[in-house]
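Here is a short report on one protein model. Please look over the sequence and the 3D view before reading on.

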Amino acid sequence: MSHFFFHGADTVELAGTYGTPLYVVSEDEITARIREIKSRFDGRHERCHTHFAAKAFLTKDMLRILKREGVGLDVVSGGELYLAREMGFPADEIAFHGNSKTEREISEGLGYGVGKFVCDSLDEIKLIDEMARSRGACPRVLIRVNPGVEGNTHPHMLTSGGRTKFGLPPDLLRQAAAECMALQNVTAAGLHFHVGSQLMDPETHLEALDILLGIIKALRDEMGFETEILDMGGGFGVAYTPADKPARIDDFMTPMVTRAEEFCAANGLARPDLIIEPGRYIAGPSGITLYTVESVKEIPGVTTYAGVDGGYPDNPRPALYEAVYDAVIANKYGADAAPVKNVTLAGKCCESGDVVIRDIMLPDIERGDIVAVLCTGAYCHSMANNYNKNPIPAIVMIKDGTPRLSVRRQTYRDIYACDMT
Ligand code: LLP
C-alpha cells in the first residue's frame, strides 16, 4: 500500500514531522485558483476586480500570496484588518464589511484609510460620516442590499432573503442612498450584495444581479444616485465530495458580467466597476487536515467509530452546517487499499455533534492510522476554537512539493496566555 501525497508532499511524513492534527495547505493550488479566477474575471473584462474574503482563511502567508497576485481583500473585523495592516496590505485594496462594526473598528478602518466601507445600516453610515468628519476624511461607502433571493444552501450559509440579518431591503436602501448623498463626509460609491455561500450554480447570483441592476437604474432615475462600484460578493461552490458538482467559475463570471453590461447599455447607464469576493473557491480545495486515529470501536449493528485527535476545535463545520467531507487513510492509499468498512470518524470533544464524517467507506482502519480529510482549506483554520482546551493545529504550507511551517501549533500556554491570575 502506498502513501497519500498532497501536492507533491507525503502526508504520512508530514504527520510524523509536524504532528497531528495538522492543516496542510498548498500554496501552488491557492495561486492556481487565484490565477484562474483573475483570468476569467479581472483579465477578461474591463474594470473587474477580485477580492479575497479573509474570513475563509487568513494568515500572514496568505496575505503575502494575495499581495503578490494583486488580489484585494474583504475584511469583516478589526482583527482581520490588523493582520492586513501588519503585512502592509494596500489600504485602497481593502473593503471593510460587517453588519455590526464597532466604533473602534470604524476608527481603525479610517485610520488605515481602507478603500471602502461596505455599510449594512443607516446608523453605520451616519456614524462613519461623523467619525470621518473629525478626521477630515471622506471614505467611499458601498451600501449592502438584501436582494431577497434565497440560494440553495444550508440556512446558516444564506445571507440574502426574508430572515437574514444582512443588508437593506429596497425601501430602506432608498433612504440610505439619499442619506449617503446628503452627508458631507462619506462618498456614496455604490452597492453590494452577497447571496450566500457554497452555491453550486449561478442561478441565484443572476437573479440577485437582475434585482440589483433594476435598483441601480431606479436610484439613478429617482434620485441621481450613481453606482460606480457594484460588489457582487462571493459564494462560488466547491466539491467537498465527489457527489458535489459545482458549476465552473466561468459559468458564474461570464453571464454575470454580460448581464450587467447589456442592462447598462440598454438603459443608458455607465457599467459600474465590478468586484467579486470569493473565499471558499480559492482556499477550500487548497487544504486538507491530517489526524491520527486514536481508537477504533466497533459497535455491532451500529457502526465502527474511529476516534481522531481533532474534530470540532479545528473544524466546527460538520456540527454547524451538517457539512459533509471526504477522507482517505493516508498510510493505506492506492489501488490495493480497497474500502472495506463503513466508519464514523469521531472527533475528540465531549460533544455528540463532534463527528468529522459520518458513514464513510474506508480501508481497514486501525489505531495509529493517519487520516486525511479533504477540502478543509476554507472556514476550518479561520473558525478554529479551543473547545475542551484543545490547541489550534499548525499549518504547513507546501510550495513546489516542499513543506514549510507556516503557522506553529498553539501550546497549552498560548491557550491560557490571557488569564490574569
Ligand atoms: N462576501 C461576503 C459579504 C460574505 O458574507 C461572504 C461569506 C463572502 C464574500 C465569501 O463567501 P465564499 O466565497 O467563501 O462562499 N462559515 C461558513 C461560511 C460563511 C460565509 C459567510 N459569508 C462556512 O463554513 O461554510
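Arginine 271 sits in the loop between α9 (249-266) and β11 (273-276). The model is a predicted one. At 9% relative accessibility, arginine 271 counts as buried.

What does the side chain of arginine 271 touch? One partner is the side chain of glutamate 261, in a polar contact of 3.1 Å. Another is the backbone oxygen of glutamate 46, which lies 2.7 Å from a polar atom of the arginine 271 side chain. Neighbours within four places in sequence set aside, arginine 271 is in contact with His45, Glu46, Arg47, Cys48, Val257, Ala260, Glu261 and Cys264.

Arginine 47 is on that list. Its place is in the loop between α2 (27-40) and β4 (48-53). Arginine 47 counts as partly exposed, at 44% relative accessibility. Its phi is near 50°, a positive value in a residue other than glycine.

## Other backbone details

Histidine 7 also has a phi near 50°, positive although the residue is not glycine. Histidine 7 is found in the loop between β1 (5-6) and β2 (9-10). With 30% relative accessibility, histidine 7 counts as partly exposed.

A cis peptide bond joins threonine 20 and proline 21, with omega about -10°. Proline 21 has its place in the loop between α1 (11-18) and β3 (22-26).

## Two domains

The protein is divided into domain 1 (5-24 + 284-415) and domain 2 (27-283). Their centres, taken over C-alpha atoms, are 32 Å apart. The contact takes 27 residues from domain 1 and 27 residues from domain 2.

## The nonpolar cores

In soluble globular proteins, nonpolar side chains tend to be buried together. In this model, the largest nonpolar core has 106 residues. Which members touch the most other members? They are Phe52, Leu73, Ile143, Leu191 and Leu345. Helix α8 (residues 203-223) gives the most to this core, with eight residues. Domain 1 and domain 2 both give residues to this core, so it lies between them.

Leucine 345 touches Ala306, Val308, Ala327, Val355, Val356, Ile357, Ile365, Val371 and Val373, not counting residues up to four places away in sequence.

## The ligand site

How many residues surround the ligand? There are 20. The closest are Ser197, Glu277, Arg280, Arg317 and Tyr379.

| Residue | Protein atom | Distance to a ligand oxygen atom |
|---|---|---|
| Serine 197 | polar side-chain atom | 2.3 Å |
| Tyrosine 379 | polar side-chain atom | 2.6 Å |
| Glycine 235 | backbone N or O atom | 2.8 Å |

On its own, the ligand has 580 Å² of accessible area. The protein covers 93% of that area.

## Two more residues

Is threonine 304 buried or exposed? Threonine 304 is buried, with a relative accessible area of 4%. Threonine 304 lies in strand β13 (residues 303-308). Leaving aside neighbours within four places in sequence, threonine 304 is in contact with Val296, Lys297, Glu298, Lys341, Asn342, Val343 and Thr344.

Where is alanine 137? Alanine 137 is found in the loop between α6 (122-133) and β8 (140-144). Alanine 137 is partly exposed, with a relative accessible area of 25%. The value falls in that class because buried means under 20% and exposed means over 50%. With neighbours within four places in sequence left aside, alanine 137 is in contact with Ala132 and Asn185. Alanine 137 and glycine 162 are 25 residues apart in sequence. In space, they are 35 Å apart, C-alpha to C-alpha.

Definitions and conventions
Residues are numbered from 1 along each chain as its sequence is written. This is a predicted model: local features need pLDDT of at least 70, side-chain atom pairs count only at pLDDT 80 or more; totals for chains, interfaces and linings use all residues. Side-chain values use heavy atoms; hydrogens and water are left out. A nonpolar core is a set of buried Ala, Val, Leu, Ile, Met, Phe, Trp, Tyr and Cys residues joined through side-chain atoms within 4.5 Å. Buried means under 20% relative accessible area, exposed over 50%, partly exposed in between (1.4 Å probe, protein chains only). Helices (H or I, at least four residues) and strands (E, at least two) are DSSP runs, numbered from the N terminus. Domain bounds come from an automatic or database domain assignment. Contact means heavy atoms within 4.5 Å. A residue is near a molecule or strand if one of its heavy atoms lies within 4 Å of it. A polar contact is a pair of N or O atoms within 3.5 Å; within protein, one must be able to donate a hydrogen and the other to accept it, and residues adjacent in sequence count only if both atoms are side-chain atoms. Accessible areas come from the Shrake-Rupley method with a 1.4 Å probe; for residues, only the protein chains shown count as cover.
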